Number of protein chains: 2
Amino acid sequence: MTEVPNTLLGKVMSVLNAFGADDDELGFAELGRRTGLSKATLHRLLGDLAEVRLLDRGTRGYRLGGHLFQLGIRASVERRLVEVSTPYLEDLYERTHETVHLGLLEGHEVVYAAKIGGHRQASSPSRLGGRMPLHATAIGKALLAHSQPSLRTEVLSAPLARRTPRTVVTPGMLRRQLATIRQTGVAYEFEESRVGLACVASPVLGHDGAVVAAVSVAGPTTRFDPRVHAASVHAAATGIALTLIRRATLSSGT
Amino acid sequence: MTEVPNTLLGKVMSVLNAFGADDDELGFAELGRRTGLSKATLHRLLGDLAEVRLLDRGTRGYRLGGHLFQLGIRASVERRLVEVSTPYLEDLYERTHETVHLGLLEGHEVVYAAKIGGHRQASSPSRLGGRMPLHATAIGKALLAHSQPSLRTEVLSAPLARRTPRTVVTPGMLRRQLATIRQTGVAYEFEESRVGLACVASPVLGHDGAVVAAVSVAGPTTRFDPRVHAASVHAAATGIALTLIRRATLSSGT
DNA sequence: CACCGAGTTCCGGTCAGCGGAACTCCGAAG
DNA sequence: CTTCGGAGTTCCGCTGACCGGAACTCGGTG
């Protein structure tokens, strides 16, 4: 649990963050456990949050509220990113017919911001808003390779959690992969986050070279060879980057 | 400006709500104007909000933060709705090659929650998270027709703002249209929100018959005849509704 | 019956948050 | 150059919004 400053906002955030990507509804007691707030405080806070619709009361407990959804959809930079990316992701899906993702760097994890395809089977472990570790996914490695050096140092010095037999858990190995990715602009993953799943990813870089997001295509190893689609993924990512830069320079003249 | 309770949460919400769908970044002073908070209070609040990433500092001011985007994407009911709808919307886009929308009812307006296509020209005035009046859009009329009677009464008794020469502004006319929509499950719009734009929409109804969202296809009157696609739109909406109900009954057994 | 866990209400103490005022910074006008 | 005004920041003492312990209700269980 992250350290929570003793302010109302801190408590609010700890309540909101208590909801993981897979949590539908959480009960009063469960929220109490996750946040560590006293019953009285939590009770009042939940009431207040529900009133402004940051939370909604469900049949079995509380869930993240509709107002939050609206605000999130408006969060300007990310909204613009998703708007700009959508056509490219659709195009990528048309070419590959495999699951396409747009991922953002958040802390030491990837957050999935958009997803196309993959509705026939639960082929990928991702959900919208879900998180995955950086070192075990193609999209994560693409982000990490182009992130600030300080982040790389942090991730490389912490233990790398093993998720499958093929997860890269040795820092040296990961560091070498990241160097390659930085040169080629393409990251691969072979059953490193999940057995049977392969993936290619490419970073979307901003005008200053900072990494903004990453695009990936994932599919089952049985039929999907990520190398075949490396060029398409790379093209989509650079296309998105270019469009973003064009838009930004346009609007700055406003 | 809605009445804001004198609590921190109230102030937080008034800051967040100060951001409209089209606002990218707002400066300190502009936020002060919109929220009515004192400079000192606002300053501290903005700092705190930025710290928890509900706001981000941009070059020209503040914008809705990345954390908000993540939370919004996780807001469970709406997330499920968007996840379930996406394949249907994509399919609809494939059939029509016109702009496809998913809209939610929020207060007396439609909020656009998903959008596919329409990237070649700014054919439709919608943005993700944007709002439109209920009476002047097909998607709005579809929502309104199947909403609670009390909402209809409210909307019909308030003046109906004219947006184009063909906007329906007489309550009687609108009431008759709504009755038809309720029977057929299909709503039309011919240049009522914008000259040159036509649209078909159909409601997504929940297991209890309450309206959850609506799907629409919009295109320019020059090439687009909404009646041709009524069946497709209706099919998409009912498909979404069925999938939602199936999922809900499944997960309730968990 | 007693017991337990979930959720709600009460109430007095206190510190987080409030806002007026004074300040810096910067760009535009004269 | 100086003056001016708007934007943003800091200071500080007052106060009521918020805190949490404790006592409560409610429903299920042995």
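Residues are classed here as nonpolar (Ala, Val, Leu, Ile, Met, Phe, Trp, Tyr, Cys and Pro), charged (Asp, Glu, Lys and Arg) or polar (the others, Gly among them). The model is predicted: local features need pLDDT of at least 70, side-chain atom pairs count only at pLDDT 80 or more, and totals for chains, interfaces and linings use all residues. Residues are numbered from 1 along each chain as its sequence is written, chains are lettered from A and ligands numbered from 1 in the order in which they are written, and side-chain values use heavy atoms, with hydrogens and water left out.

The surface near DNA strand C has six nonpolar, five polar and four charged residues. A residue is near the strand if one of its heavy atoms lies within 4 Å of it. Of the 15 residues around DNA strand C, Phe28(A), Ala29(A), Lys39(A), Thr41(B) and Arg44(B) come nearest. Of the atoms of DNA strand C that come within 4 Å of the protein, 65% belong to sugar and phosphate. Both chains contribute helices to this surface: H2 (28-35) and H3 (39-51) of chain A, and H1 (8-17) and H3 (39-51) of chain B, each supply at least two residues. Helices are DSSP runs (H or I, at least four residues), numbered from the N terminus.

Polar contacts are pairs of N or O atoms within 3.5 Å; within protein, one must be able to donate a hydrogen and the other to accept it, and residues adjacent in sequence count only if both atoms are side-chain atoms. A polar side-chain atom of Arg44(B) lies 2.6 Å from a phosphate oxygen of DNA strand C. A polar side-chain atom of Arg33(A) lies 3.5 Å from a phosphate oxygen of DNA strand C.

Chain A can be laid on chain B with an RMSD of 0.3 Å, by a turn of 179 degrees and a shift of 0.2 Å along the axis. The copies are thus related as by a two-fold rotation axis. Superposition is by least squares on the C-alpha atoms of residues with pLDDT of at least 70 in both copies. Within chain A, the C-alpha of Gly72(A) comes closest to the axis, at 2.1 Å. Of the interface residues of chain A, 100% are also interface residues in chain B, so the copies meet through the same surface. Contact means heavy atoms within 4.5 Å.
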